[in-house]
Amino acid sequence: MPDDPLPPLRDVIRDHGLSARKSLGQNFLLDLNLTRRIARTAGDLSQMTVIEVGPGPGGLTRALLMEGAAKVVAVERDRRCIAALEEVAAAWPGQLDIIEGDALEVDLASYLEGRPGAVVANLPYNVGTALLVGWLETEPWPPWWQSLTLMFQREVAERLVAAPGTSAYGRLAVLTGWRADARIMFDVTPKAFTPPPKVWSSVVNLAPRAEPLPCNGRILSRVTAAAFGQRRKMLRQSLRTLGGDTSALIEAAGLDPTQRAETVTVEEFVTLARAVEADGS
Ligand code: SAM
């Protein structure tokens, strides 16, 4: 692997005046051993276009290039970071494209240049779950991404992989379990970030399921939002916000109206979403 030809990240941050902004979820990773470990967690990237959301000063970006990514497309909202990222692009000619913009608005799939896509990101905490839900609801399926390797706050990571019957089980676990295999790969101490956040983080790896149960993701999202919006209530109560004949829906899905959302499996939520779709309400 080629060595990193660029100055230490601390110098990059100082020289470009990149003081971290809380409003943009900026907690930077400066340790190249850690960023390289994250890049390696994504697997073999040598044939991939890697989409990186929020490259910031470029630590993970540099690691992805060093670990052999064919191409990195980095989408950054903070204009202050662009000049620093252009220095990385100059050191890796033709291998890094920088897009200045909001990752929630950018059509990420349009940047793959014919290669399979992987997303690798130390996500800004304030838009991380919205981005993930968008990637899980992608149509058509299989999606444009072959893997997602994402840093989340540990509590959020635990919600992605939670099993029914646990307090972390909710809408995110259902959407994730429906379409992906998700694994927590390792935890990261707050001390690894500049500035350090209050909580631990975890790197999660998600692979798309080849044949998820057929279902409309938006409806599944709506059903789980209703069910877990009042997670202590029985389904016959919590699902009322969906409109229509709640009892008929629950019956069509083969569920018990006195069950609580926490006990409903992913497969059962999918059946419920299909019943809602068939009902047309
Ligand atoms: N990747 C860098 C690292 O690991 O050191 C920075 C990670 S920091 C947690 C999150 C980054 O996402 C920041 O650079 C921030 O400016 C950027 N960001 C925040 N909201 C964004 C959005 N909606 N679209 C793209 N980038 C965003």
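Thr 61 is found in helix 3, which spans residues 59-66; helices here are DSSP runs of H or I with at least four residues, strands are runs of E with at least two, and both are numbered from the N terminus. The model is a predicted one, in which local features need pLDDT of at least 70 and side-chain atom pairs count only at pLDDT 80 or more, while totals for chains, interfaces and linings use all residues. Residues are numbered from 1 along each chain as its sequence is written, and side-chain values use heavy atoms, with hydrogens and water left out.

With a relative accessible area of 0%, Thr 61 is buried, a term that stands for under 20%, whereas exposed means over 50% and partly exposed lies in between, with a 1.4 Å probe and protein chains only. The side chain of Thr 61 also makes a polar contact of 2.6 Å with the side chain of Glu 52; such a contact is a pair of N or O atoms within 3.5 Å, where within protein one must be able to donate a hydrogen and the other to accept it, and residues adjacent in sequence count only if both atoms are side-chain atoms.

Turning to the ligand, 20 residues surround it, and the closest are Leu 29, Gly 54, Glu 76, Asp 102 and Asn 122; a residue belongs to this shell if one of its heavy atoms lies within 4 Å of the ligand. The shell divides into eight nonpolar, seven polar and five charged residues, where Ala, Val, Leu, Ile, Met, Phe, Trp, Tyr, Cys and Pro count as nonpolar, Asp, Glu, Lys and Arg as charged, and the others, Gly among them, as polar. Oxygen atoms of the ligand lie 2.7 Å from a backbone N or O atom of Leu 29, 2.9 Å from a polar side-chain atom of Gln 26, and 2.8 Å from an N or O atom in the side chain of Asn 122. The elements that give two or more residues to the shell are strand 1 (28-29) and strand 3 (71-76).

Several loops carry backbone features. Another cis peptide bond, with omega of about -10 degrees, joins Thr 194 and Pro 195, the latter placed in the loop between strand 8 (193-194) and strand 9 (201-208). Glu 113, although not a glycine, has a positive phi of about 55 degrees; Glu 113 lies in the loop between strand 4 (96-100) and strand 5 (117-122) and, at 47% relative accessibility, counts as partly exposed.
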